[in-house]
Amino acid sequence: MNKVLVLGAGGQIGTELVAALRAERGSENVWAADLRADALTQPAVALDATDAVAVRALVQREGIREVYQLVAMLSATGEKMPAKAWALNMDTLFIVLDMAKEGLLDRVFWPSSIAAFGPTTPRLDTPQYTVMDPTTVYGVSKLAGELWCQYYRQKFGVDVRSLRYPGLISWKTPPGGGTTDYAIDIFHSAGRDGRYTSFLGPDTRLPMMHMEDAIRATLQLMAAPKELLRVQTSYNVAAVDFSPAELAAAIAARMPGFTIDYQADFRQAIADSWPQRIDDAEARRDWGWSPRYDLDALVDDMLAHI
Ligand code: NAD
């Protein structure tokens, strides 16, 4: 099995992806890298993923053949510093794509997002191939990244694989500044205060997924035979969709007395430009995708751990 490197390993996804990859391949075969390494378990290194020389040196020294490039500035934070978000999100992708193009890597994973869609995208059962007109710098970087992945596949034969993650829900690591963070914050507030003030309005339906499903989807996609993967950009993947009011009701059913109120902020406009429910027929067909967590299972699991 290939030795792998996870860039952005200390984040919400990276923390759980590193653990899952190590369980599968053995700890010594999975390098974790982030800006700071103190919270990472070994083998790990403090590394700036925009430093092409440092990333390349690590890959060559350790004989790494597969990279999961998770570093990005997310949707809500990206709107506050668009130029920095664009530079970080694109530079880190190109560094890895170029190493694969030169034959240093056999396979690359890079996540896209439902943020690559926009306000004129069909919002219900959003198909794999449809209008994509993102309005955030984060979404623009994801759509551009998807097209660059396709370009490197088609022009240079790079084996780069990608998923359009929905909002990911986990209890192990805090979320990193996205528009779907409310669906994690709500559980912490419920446990602490018995109440929550949502920054999205009650009826803002968004696609979501339990982190365990997201990690399983990632590993499944990366293990699939290349010839089965017909989507050249990034696969739609879906699990559940709900609104803040529906999530609050599911929590209140298990925590009598829990209450929610609403104070929408700038993230409302971002959420309103995204799909409400995703059609993931291609992922199901090509590599057998099927989620395990519905809303009830997700809420039970979050409340059991927070
Ligand atoms: P996160 O913000 O929690 O983690 C990102 C990590 O990257 C952080 O640990 C950060 O320290 C690190 N980092 C930032 N700049 C770096 C640099 N220059 N060098 C090295 N490390 C650096 O993000 P996440 O939620 O884990 O998301 C990971 C990826 O998945 C991103 O590409 C994101 O766009 C995508 N995604 C996430 C979600 C979600 O709901 N979490 C949804 C869709 C897509």
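## Views of a predicted protein model

**View 1. Strand 5 meets strand 7.** Strand 5, made of residues 107-109, pairs with strand 7 in the parallel sense, and two bridges link them. Look for phenylalanine 109 here: its bridge partner in strand 7 is arginine 161. Keep in mind as you explore that this is a predicted model.

View 2. Six strands form an open sheet with parallel pairing, and their order is 3-2-1-4-5-7. Which strands stand at the edges? They are strand 3 (44-46) and strand 7 (160-161). Each has a single partner strand, so one side of each is left without a neighbour in the sheet.

**View 3. The whole chain.** In total, the protein chain has eleven helices and 14 strands. Its C-alpha atoms fill a box of roughly 55 × 40 × 40 Å along the principal axes. A compact globule of 306 residues would have a radius of gyration near 19 Å, and the protein chain agrees, because its own value is 19 Å.

**View 4. Inside and contacts.** Of the 306 residues in the protein chain, 55% are buried. Now consider contacts between residues at least 6 apart in sequence: 78% of these join residues at least 24 apart.

**View 5. Surface and charges.** The protein chain has an accessible surface of about 12300 Å², and carbon and sulfur atoms account for 53% of that area. The chain carries 30 positive and 38 negative charges, and the mean positions of the two groups are 4 Å apart.

Conventions. Residues are numbered from 1 along each chain as its sequence is written. This is a predicted model: local features need pLDDT of at least 70, side-chain atom pairs count only at pLDDT 80 or more; totals for chains, interfaces and linings use all residues. Side-chain values use heavy atoms; hydrogens and water are left out. Helices (H or I, at least four residues) and strands (E, at least two) are DSSP runs, numbered from the N terminus. The radius of gyration is taken over C-alpha atoms; the globule rule is 2.2 Å times the number of residues to the power 0.38. Buried means under 20% relative accessible area, exposed over 50%, partly exposed in between (1.4 Å probe, protein chains only). Contact means heavy atoms within 4.5 Å. Accessible areas come from the Shrake-Rupley method with a 1.4 Å probe; for residues, only the protein chains shown count as cover. Lys and Arg count as positive and Asp and Glu as negative; His and the chain ends are not counted. The place of a charge is taken as NZ of Lys, CZ of Arg, CG of Asp or CD of Glu. Two strands pair if DSSP finds at least two bridges between them.
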